Amino acid sequence: TLGGGGSFLNMDQDIQIARVFVSSGAFDGSNISELAKAHVDLLISGEIKHHHMLELRAYGIAALAVGHDASERVILPSLGKRLHLQFPGLGVAIAGGLDYNNMVF
């Protein structure tokens with residue numbers, strides 16, 4: 001589990017998934033046509049703007065927005081280990097930080 005508070009999906013029907021593209025953080029939409037040419041079936045990202053969700057659906061690409069922090073948090077343990085191996089004298093700590101999906105503005 002990604003540990004996020006919720007997610008957004010741009011489709012209301014089941015589709016066959018063979019190729020997945022993962023983009024952590026915020027998806028900027030600049031490569032949607034390239035994703036279609038590469039026959040991507042599903043895009044998973046932290047945040048996806050509404051008009052990009054609609055454009056992806058028009059191309060037949062399912063899109064799942066899982067929350068900005070949830071899409072980045074999963075890499076932190078691996079990144080921490082790599083940093084510790086590369087720089088053994090450097091203290092590395094993974095902070096839980098804010099859960100942006102549960103913030104109220």
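**Helix H2 and its sheet**

Trainee: What covers the buried residues of H2?

Mentor: The cover includes strand S1 (8-9), strand S2 (20-27), helix H1 (32-37), strand S3 (42-48) and strand S4 (62-65), where contact means heavy atoms within 4.5 Å. This is a predicted model, in which local features need pLDDT of at least 70, side-chain atom pairs count only at pLDDT 80 or more, and totals for chains, interfaces and linings use all residues. Residues are numbered from 1 along each chain as its sequence is written, and side-chain values use heavy atoms, with hydrogens and water left out.

Trainee: Which residues of H2 are called buried?

Mentor: In H2, residues 50-58, they are His52, Met53 and Leu56, buried being under 20% relative accessible area, exposed over 50% and partly exposed in between (1.4 Å probe, protein chains only). These three cover an arc of only 105° around the axis, which puts them on the same side of H2, the arc being that of the directions from the helix axis to the C-beta atoms. On the face turned away from that buried side, H2 carries the exposed residues His50 and Ala58.

Trainee: What makes S1 and S2 edge strands?

Mentor: The 4 strands form an open sheet of mixed pairing, in the order S1-S4-S3-S2. S1 and S2 each have a single partner strand, so one side of each is left without a neighbour in the sheet.

Trainee: In which sense do S3 and S4 pair?

Mentor: Pairing requires that DSSP finds at least two bridges between two strands; S3 and S4 have 4 bridges, in the parallel sense, and Ile44 stands opposite Leu64 in S4.

Technical notes. Helices (H or I, at least four residues) and strands (E, at least two) are DSSP runs, numbered from the N terminus.
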